[in-house]
Amino acid sequence: MSMTELYSLLPMITLTSVILVLMMVIAFARNLALTCGLSAGGLLLTLVSVFWVNHDLSAGFVTPLLVVDAYALMFSALIVSGSFFITLIAYGYKVQRGELQDEFFLLLLLATLGGITLAHSTHFASFVLGLELLGISLYAMISYPNQGLFSLEAALKYLILSAVSSAIMLFGIALVYAVLGSLSFTEIASNVYQDTGFDRLFILVGSGMILAGISFKLSLVPFHMWTPDVYEGAPAPVTAFLATVSKGGIFAVLLRFFTTVDSYQYETIISGLFWIALLSILVGNILALMQTSIKRMLAYSSIAQIGYLMVAFIAASEIGGKQLAIEASAFFLIAYFLTTIGAFGVVTIMSIDSTDHDQDGLDKYEGLFWHRPLLAGFFSTMMLSLAGIPLTAGFIGKFYIIAAGVKSELWILLAVVVIGSGIGLFYYLRVIFTMTKQSESNEVNVSATGGWAMAAVTLLLVILGVYPAPVIEWVSAVAKALV
Amino acid sequence: MTEALTIPMEHGLLLASLLFLIGLLGVMVRRNIIVILMSLEIMLNACCMAFIFAGAHWGQTDGQIMFMLILSIAAAEVAVGLGLLLQVFRRFGSLDIDRASRMRG
């Protein structure tokens with residue numbers, strides 16, 4: 001491996017060394033503030049190295065498994081900054097939960113490494129490796145350190161269902177490999193096969209199984225059954241991680257696979273994706289209406305949000321609209337990351353003192369505007385952004401999705417997006433109305449790091465909504481390089 | 001290996017699919033967590049088998065490398081699974097997955 005190749009792997013090497021250092025530090029000195037500081041510092045260092053490599057980038061393959069290009073680095077930056085904010089928010093939450101919490105941050109860094117691997121992967125082996133690094137760390141994070149029964153149940157459910165979906169996906173990969181004789185995305189694109197008999201069957205069944213596995217991880221309808229339970233049971237910072245970093249990494253690899261292999265030419269796959277997106281938006285929004293728990297509501301709303309993202313994903317099937325669609329999905333994902341981390345961040349801060357079950361009942365948020373105006377302000381901004389109200393990043397994201405849909409003429413899906421947003425407005429605004437009600441004061445101790453992280457996320461969200469030009473320039477350059 | 005001993009890839013994949021279905025049925029039907037974890041292992045091993053047959057068909061080592069990868073992943077998954085299982089038994093006094101299910105859905 002040459003020096004330039006090593007250099008372009010700098011973000012991964014940095015993160016790996018931080019993980020090793022942290023492991024040694026935990027072995028000798030258990031100090032939560034130190035562990036959290038080291039993880040946050042390490043993530044910042046990784047972020048700097050991502051931009052460093054991005055600055056004078058020589059895009060290309062590093063071993064057949066990984067590719068370093070602007071696209072991979074953009075997703076790495078997104079994943080690492082997401083983990084950074086989650087680390088800060090999780091600190092106050094973890095301090096209140098007693099001894100032996102240090103390894104949580106180690107697991108968080110490992111899962112982040114898995115996410116970065118996914119963003120870089122261009123081969124099924126690295127894809128599986130990244131996916132499982134992410135998944136296995138997450139099982140442990142959900143139940144860590146298993147104080148509540150709910151988190152244990154959530155971890156068990158997630159482990160069984162996630163392992164089944166991984167197995168289904170692996171079997172699909174094996175079938176595709178049996179026909180095409182390669183596991184590398186670029187070689188799969190160039191290998192030809194006879195479109196008859198067994199080969200056709202294997203390819204069809206294999207791609208269907210891979211798609212089903214990925215839909216499960218992205219919690220798209222009809223593979224969404226696990227989502228509300230796991231979101232409700234998992235500790236709020238882990239839920240934030242599950243909803244953002246895990247989904248972002250998987251979406252990155254899905255989009256890369258589809259653009260490299262050009263799976264868009266298969267009508268069957270596109271019509272399958274069409275139904276998945278349509279059902280996700282409708283089912284997610286309608287079920288979110290009926291929830292009284294904020295975490296379950298956010299779970300269904302995240303199903304719907306990923307449904308919107310899939311509209312942009314499908315829009316990339318039209319040759320003319322491909323660049324705009326990739327741009328749209330990247331921007332939407334950035335907005336989704338910020339908003340979701342912010343929303344679960346507020347739930348985290350609210351639940352700092354609760355031991356068994358997080359404070360996620362809607363009634364617990366009554367009168368928040370009068371007791372904790374700043375926190376309520378942050379939460380309102382997140383809800384407005386999820387609803388797609390102007391001056392927030394969510395608005396620009398949704399605008400982008402609709403623009404991509406119009407360019408690729410997906411009229412039915414666009415109608416569904418509009419209907420879904422209409423329904424969404426109702427339950428997002430209901431949260432804000434609940435917070436303005438008068439009620440008895442219930443004291444919340446906001447941790448300083450969590451508070452500052454929330455302020456930063458909210459500020460970024462508004463900046464992105466008011467002045468999105470620099471980020472738009474960035475994502476459009478990335479999309480142009482990918483197409 | 002002589003020509004007569006070669007097994008066609010389709011037969012191998014069929015066997016792997018059967019094993020996979022047995023595992024999947026086990027996960028869906030059985031309620032004991034240990035048996036569910038065992039069924040998961042069967043599913044993952046069926047994937048390994050499919051990879052080995054496909055790799056042998058193409059004369060590549062990729063299939064065997066994927067086998068090793070899946071093997072280690074399955075080991076890690078089951079290690080975490082057994083850890084959770086111990087906790088479940090300690091808290092609920094039972095390995096029945098329905099007893100451990102308190103949330104809706």
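In the predicted model, K295(A) and D358(A) form a salt bridge, with 2.7 Å between the closest N and O atoms; a salt bridge is a side-chain nitrogen of Lys or Arg within 4 Å of a carboxyl oxygen of Asp or Glu. K295(A) lies in helix α13 (residues 294–315) and D358(A) in the loop between α14 (322–350) and α15 (368–371), so the pair ties together parts 63 residues apart in sequence. Helices are DSSP runs of H or I of at least four residues, numbered from the N terminus. K295(A) is buried, at 0% relative accessible area, and D358(A) is buried at 9% (buried, under 20%; exposed, over 50%; partly exposed, in between; 1.4 Å probe, protein chains only).

In chain B, R31(B) and D98(B) form a salt bridge at 3.6 Å, N to O. R31(B) lies in the loop between α1 and α2 and D98(B) in the segment after α3, so parts 67 residues apart in sequence are tied together. R31(B) is partly exposed at 35%, as is D98(B) at 45%.

Between chain B and chain A the count is 0 salt bridges. α3(B) gives the most to the side of chain B that touches chain A, with 15 residues. That side divides into 30 nonpolar, 9 polar and 6 charged residues (nonpolar: Ala, Val, Leu, Ile, Met, Phe, Trp, Tyr, Cys and Pro; charged: Asp, Glu, Lys and Arg; polar: the others, Gly among them).

Local features need pLDDT of at least 70 and side-chain atom pairs 80 or more, whereas totals for chains, interfaces and linings use all residues; side-chain values use heavy atoms, without hydrogens and water. Residues are numbered from 1 along each chain as its sequence is written, and chains are lettered from A in the order written.

Key
Helices (H or I, at least four residues) and strands (E, at least two) are DSSP runs, numbered from the N terminus.
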